[in-house]
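Going through the pairings first, then the core.

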Amino acid sequence: MTDLDRPARWLAVAVAGIAGFVDAVGYLASGGFFVSFMSGNSTRLGVGIAAETEAALMAGALIAGFVAGVTGGFLIARIGGRRRHAAVLTLVAIQLAVATGIGELTGSRVALIVLASAMGAVNAMFEQGGEVRIGLTYMTGTLVKIGHRLARALTGGDRWGWVPFAMLWGGLIAGGAIGAAAYLGFGLAVLWLPTGGATLLALITALRPIETT
């Protein structure tokens, strides 16, 4: 985050907010599974193997959907080239729309797997040297970096180096809070909001590509 310019930072925060929104809705709709936080699902998979087969199957399906989304996202990003952000966001918007439609029509858990795929694809937005540069749907590493930068600040380093990472974490939390409140009031239909958000960001980044490499 610290080596990104301001537009790229705000793009990352906005997408993290979308991820937080979607993950909160998925968590509530599924009764405790995640569509973007695969560490939590991996724990649920392990516990399910030992104690609850149905939970293990659901966690495994979400993890598989997420990995498939990551794969598809990176392939689309390479095709998109300079407009990789717009290409990935378009894929995410399409997947969110499909998941929302399935969820509204059937309430099927298939919708959750499609949501997981969309959240996997999001992580292809920021790549450098063939590796994920910024994780947008999981924050453990970001929190470690906040602590690391705070330690640097306290020992004479950059006083504000932790702020960009705190912004990214805050974006996810804010999105999660809004998503949870919206879902409790209106159900799965609220997923049209992040769908619209991803579509808008795709249009913006298509018209004004953001350099992040």
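Started with a helix pair. Helix 3 and helix 5 pack with their axes 6 Å apart, at an angle of about 40°. I am working on a predicted model here. Angles of 35 to 65 degrees fall between roughly parallel and roughly perpendicular, so I put helix 3 and helix 5 down as oblique to each other. I noted the handedness of their crossing as right-handed.

Then I listed who makes the contact. Helix 3 brings M58, A61, L62, G65, F66, A68, G69, V70 and G73, and helix 5 answers with L112, I113, A116, S117, M119, G120 and A121.

Next, helix 5 by itself. How many of its 13 residues are buried? I got eleven, so helix 5 is largely enclosed by the rest of the structure. Among the buried ones are A111, L112, V114 and L115. I looked up what covers them, and the cover includes helix 1, helix 3 and helix 4.

Last, the core. The largest nonpolar core has 51 residues, and I found that M119 and L136 touch the most other members. Helices 1, 3, 4, 5, 7 and 8 each supply at least two residues of this core. Helix 1 gives the most, with ten.

Beyond its neighbours within four places in sequence, M119 is in contact with A19, V22, V35, S36, F66, L96 and T137.

Technical notes:
Residues are numbered from 1 along each chain as its sequence is written. This is a predicted model: local features need pLDDT of at least 70, side-chain atom pairs count only at pLDDT 80 or more; totals for chains, interfaces and linings use all residues. Side-chain values use heavy atoms; hydrogens and water are left out. A nonpolar core is a set of buried Ala, Val, Leu, Ile, Met, Phe, Trp, Tyr and Cys residues joined through side-chain atoms within 4.5 Å. Buried means under 20% relative accessible area, exposed over 50%, partly exposed in between (1.4 Å probe, protein chains only). Helices (H or I, at least four residues) and strands (E, at least two) are DSSP runs, numbered from the N terminus. Contact means heavy atoms within 4.5 Å. Axes are lines fitted to C-alpha atoms, for helices over the stretch in contact, and angles run from 0 to 180 degrees between N-to-C directions. Angles under 35 degrees count as roughly parallel, over 145 as roughly antiparallel, 65 to 115 as roughly perpendicular and the rest as oblique. A crossing is left-handed if the near helix is turned anticlockwise from the far one by less than a right angle, and right-handed if clockwise.
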